[in-house]
Each structure stands twice: as structure tokens, then as C-alpha cells.
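Here is a short briefing for a reader who is meeting this structure for the first time. Please look over the sequence and the model before reading the notes below.

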There are 2 protein chains.
Amino acid sequence: MVSFEQFQMEDGSPIYLQIVSFVQRGIVAGTITDGDEMPSRRVLSALIGVNPNTIQKAYRQLEDDGIIESRSGAKSYVTITPASTRTIRGRLLSKETAALVQNMKQMGISMEEAISLVAEAWSEEE
Amino acid sequence: MVSFEQFQMEDGSPIYLQIVSFVQRGIVAGTITDGDEMPSRRVLSALIGVNPNTIQKAYRQLEDDGIIESRSGAKSYVTITPASTRTIRGRLLSKETAALVQNMKQMGISMEEAISLVAEAWSEEE
DNA sequence: TTAACTGTATTATATGCATAGTACGGTTGG
DNA sequence: CCAACCGTACTATGCATATAATACAGTTAA
């Protein structure tokens, strides 16, 4: 069963996209694997305090991305391969670093200083 | 005159906030300094192809943040101090790194690998 | 002075996101 | 079998964002 215990909203981005990203990061980390059972829309809704329609929107997105499979009436399951996992990993890592690098450059920060700031934040984070 | 030549929309975040961030990063970089003249709402609207009301919303935000000053009928000017600049710098850098570090950790990426990815993206960026 | 510009305000429309409530039919385990 | 789930669909409301069109008063340079 895919766990959402560690999920928490904070971003300014749409909630349904935060859920999609959470699942994608779990896949990259290996904590979510092929065949894993997804919590039902209603259960996850109650667990994280988000409207069932919003959960459905996230699941629909995951379905469209080929990350989960749903059958009307039955539960939903994760359907990924080593290849699709590598694709997700590459896309997420690229997106994460690209934004930081671009903004750091616009602020006139050097690469050395940027790396130093990342290392510092890494230690401060809990 | 504050230049928006380098500004380009891409983010999924609100346009007016992208404009605010663009100005803040320019201040941190030192390309935008105290007393600089802001382009008028209408001129910037035409320049970057965004509705004047959206520009006004961004300028209102900058005004509320104490970054610019406006007088009805006259032009708007940047009003920052070394102290406020340091505050903006610290807040932007912290926000930039915090999100990356948290997501990287959720993906099971090590600090060494994260730094390596940043360095790599730094070189690939143009 | 005055024409051109400025900031500011208003109303209206459209879209995306999130919530609330309800409903229907498929699946499944006791 | 059938009750308890499940996915799915629908209408309605509220809010933030973005656009469009218009208007008015203050400022400024020729």
C-alpha cells in the first residue's frame, strides 16, 4: 500500500499536482514500487484533508501519465517499469536543478556559492 | 531605468508574482539599484505582452513590500537600502535551496549527488 | 498652457483550482 | 447473495488569476 504519511501541503502549486509529484518522488526513491496498491480516493481524502474531487484529479493525472491503473469498482495500482522510473527520475532531477540554477544566475550567485548554499541547507534541513 | 529585456514567462506561478521575483532577483544581482526608474504600467504591459491590470498587481505588491514608491500621475521608483537588499537576498536564497533540498531528500538523493547535479546543470545552462 | 503621459479605479468576462453534495454502477469479501 | 466498498460522474459555489475596456485625476515636458 502506498503510504501518504509523509505527505504535507505547503507549496503554492495546485494540490493535485503536489500529490502527483509526491508519488513520483516516492517512485524515484524506491519507496513506491510496481504493483503497489493506492489508497482509495475517499480514504486518501480523509487522510490528508483534501476534497475527494481533488484526489480524483490527481489520480486521473497519474493514470494519464501511465503511473497507475484504475478499474471502475476496484482498487488502483501502481504500474511502472525500470524504464519509466528512469524517465521520471531524469525529468524530476532536471526540473529541480534547472529552476535553481537559472534563478541563482539571475541573482549573480557563483556556482561555488550556490553549491555551498545547497550543502548548508542540506545540513539545516530535518 | 529598470530593464525587463531579460524577463520571460515560463513558470506555472502567477505572472504578477513572476514579475515581483524578477525585480527582487535584479536587486540581489545589483542590476537594479535604489532610485532606478520603473517602466510605466502601460509600457511594461506592451513590452512583455501582459495585461496592464496584471502589471498593476505586481507593482502594488512591490509597493506593499516597500521595494518601489508610486505617486499618482508620476513615475514609480525603486526605493531600497543595503539592509532591505540583504533581507531580500537571504529570503530568496533560502527559498531557492530549501525546496530543492527537501525534494532531493524525498527522492533519496545524496548530498554529493545533488551537488553534482547542480554543477552539471550549471554548465549546461546558457 | 496643454497635450501626452502617469497612477489608479471600475466593471465585466473567462479560466483553473478547490470544495460540497449527490448519484450511479462495478467489484469484492464475508 | 449482498453489504460495503470502489471508481466515476455531475451540478453548484467560491476564490484567485488574467484579460478587456473604460474612465478620471495628477504630473510633466514642450
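**A serine and a helix in chain A**

Leaving aside its neighbours within four places in sequence, A:Ser70 touches A:Arg41, A:Glu63 and A:Ser76. The model is a predicted one, and the notes below take up A:Ser70 and then helix H1 of chain A.

- A:Ser70 lies in the loop that runs between strand E1 (68-69) and strand E2 (77-78) of chain A.
- Side chains link A:Ser70 to two of its contact partners, with a polar contact of 3.4 Å to A:Arg41 and a polar contact of 2.8 Å to A:Glu63.
- Between the C-alpha atoms of A:Ser70 and A:Ala119, which are 49 residues apart along the chain, the separation is 41 Å.

**Helix H1 of chain A**
- Helix H1 spans residues 15-29, and its 15 residues reach 21 Å from the first C-alpha to the last, close to the 21 Å expected at 1.5 Å a residue.
- The buried residues of H1(A) are A:Gln18, A:Ile19, A:Val20, A:Phe22, A:Val23, A:Gln24, A:Arg25, A:Gly26, A:Ile27 and A:Val28.
- The cover over these buried residues includes helix H2 (41-48), helix H3 (52-64) and helix H4 (82-106) of chain A, together with helix H4 (82-106) of chain B.
- After H1(A) comes A:Gly30, which has a positive phi, near 90°.

How values were computed:
Residues are numbered from 1 along each chain as its sequence is written. Chains are lettered from A and ligands numbered from 1 in the order in which they are written. This is a predicted model: local features need pLDDT of at least 70, side-chain atom pairs count only at pLDDT 80 or more; totals for chains, interfaces and linings use all residues. Side-chain values use heavy atoms; hydrogens and water are left out. Helices (H or I, at least four residues) and strands (E, at least two) are DSSP runs, numbered from the N terminus. The expected span of a helix is 1.5 Å times one less than its number of residues. Buried means under 20% relative accessible area, exposed over 50%, partly exposed in between (1.4 Å probe, protein chains only). Contact means heavy atoms within 4.5 Å. A polar contact is a pair of N or O atoms within 3.5 Å; within protein, one must be able to donate a hydrogen and the other to accept it, and residues adjacent in sequence count only if both atoms are side-chain atoms.
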